[in-house]
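Okay, thanks for coming, everyone.

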Amino acid sequence: AMAAAADSASAGKCVGAKSKLAAAVNGDAAWRDVAQRADLLASRGRYADALPFVDEALRLQPGRAELHFGRGQCLGHLCRAAEALGSFEDTLCLEPGHYGAIRGKAASLAKMERWAEAALCLRDPL
C-alpha cells in the first residue's frame with residue numbers, strides 16, 4: 001500500500017516534470033555555459049556555490065534530467081535530503097531507470113530514516 005501511494009504521488013509529479021521537458025525544446029545554448037560553471041564548482045566540492053548555477057541552468061532548460069540529477073547531488077552533499085529527494089524524483093520522471101538518480105533517491109530516503117522506502121527503491125529496478 002505504501003508503494004502504491006508513492007507510485008501515485010510520483011505519477012503526479014512526473015506530469016509536471018514532463019511539461020518542463022516540453023518547455024525546454026526551444027531552449028537556448030546559454031544553459032550549457034551555466035551548467036559547466038556548476039560542474040566546475042561541484043567538482044571542487046563547492047556545492048553551495050554550484051547550486052545557484054544549477055538552478056539557473058534548470059530555469060533555462062527545465063527538461064534536462066542531468067540538471068535535476070546534478071541539483072540532487074549538490075543538495076545531497078549539503079545535507080538537504082528532502083530537497084535532494086525531489087530532484088532525484090524529477091530526474092527519474094524525465095529519465096526512468098537513471099541509475100545515479102535511483103541511488104541518490106535511496107540515499108536521500110535513508111538519510112531521512114525512511115528505510116523501507118529506500119530498500120524498495122533499490123529493489124524495484126532489479
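**A walk through the helices**

So, what have we got? The protein has seven helices and zero strands. Keep in mind that this is a predicted model. Reading from the N terminus, the order is simply α-α-α-α-α-α-α. Of the 126 residues, 39% count as buried. And if you take the contacts with a separation of 6 or more, 50% of them come from residues 24 or more positions apart.

Let's start with H2 and H3. H2 covers residues 30–43 and H3 covers residues 47–60, and they pack at an angle of about 160° with their axes 8 Å apart. Anything over 145 counts as roughly antiparallel, and therefore that's what we call H2 and H3. Their crossing is left-handed.

Who is touching whom? On the H2 side we have Ala 30, Trp 31, Val 34, Ala 35, Arg 37, Ala 38, Leu 41 and Ala 42, and they meet a set in H3 that includes Tyr 47, Phe 53, Val 54 and Leu 60. Sorted by class, this contact between H2 and H3 has 13 nonpolar residues, no polar ones and three charged. Arg 37 is there from H2, and Asp 49 and Glu 56 are there from H3.

Next, please: H5 and H6. H5 is residues 81–94, H6 is residues 99–111, and here the angle is about 155° with the axes 9 Å apart. So H5 and H6 are roughly antiparallel to each other, and H5 passes H6 in a left-handed crossing. The H5 residues making this contact include Leu 85, Phe 88, Glu 89 and Leu 92, and among those from H6 are Ile 102, Lys 105, Ser 108 and Leu 109. The breakdown for H5 with H6 is eight nonpolar, three polar and three charged.

Let me stay with Leu 92 for a second, which is found in H5. Buried or exposed? Its relative accessibility is 17%, and since the cut-off for buried is under 20%, Leu 92 counts as buried. Skipping the neighbours within four places in sequence, Leu 92 is in contact with Gly 97, His 98, Ala 101, Ile 102 and Lys 105.

Now the aromatics. How many aromatic pairs are there? The count comes to one. That's Phe 69 with Phe 88, a tilted pair, 5.8 Å centre to centre with 55° between the planes. Phe 69 is in H4, residues 65–77, and Phe 88 is in H5, so the pair links distant parts of the chain, 19 residues apart. Both Phe 69 and Phe 88 are buried.

Last stop, the backbone. Most residues other than glycine have a negative phi. Which ones go the other way here? Cys 79 isn't a glycine, yet it has a positive phi of about 60°. You'll find Cys 79 in the loop between H4 and H5, and with 69% relative accessibility it counts as exposed. Then there's Glu 113, also not a glycine, with a positive phi of about 60°. Glu 113 sits in the loop between H6 and H7, the helix at 115–123. Its relative accessibility is 59%, so Glu 113 counts as exposed too.

Technical notes:
Residues are numbered from 1 along each chain as its sequence is written. This is a predicted model: local features need pLDDT of at least 70, side-chain atom pairs count only at pLDDT 80 or more; totals for chains, interfaces and linings use all residues. Side-chain values use heavy atoms; hydrogens and water are left out. Axes are lines fitted to C-alpha atoms, for helices over the stretch in contact, and angles run from 0 to 180 degrees between N-to-C directions. Helices (H or I, at least four residues) and strands (E, at least two) are DSSP runs, numbered from the N terminus. Angles under 35 degrees count as roughly parallel, over 145 as roughly antiparallel, 65 to 115 as roughly perpendicular and the rest as oblique. A crossing is left-handed if the near helix is turned anticlockwise from the far one by less than a right angle, and right-handed if clockwise. Contact means heavy atoms within 4.5 Å. Ala, Val, Leu, Ile, Met, Phe, Trp, Tyr, Cys and Pro count as nonpolar, Asp, Glu, Lys and Arg as charged, and the others, Gly among them, as polar. Rings of Phe, Tyr and Trp (its six-membered ring) pair if their centres lie within 6.5 Å; planes under 30 degrees apart count as stacked, over 60 as edge-to-face and the rest as tilted. Buried means under 20% relative accessible area, exposed over 50%, partly exposed in between (1.4 Å probe, protein chains only).
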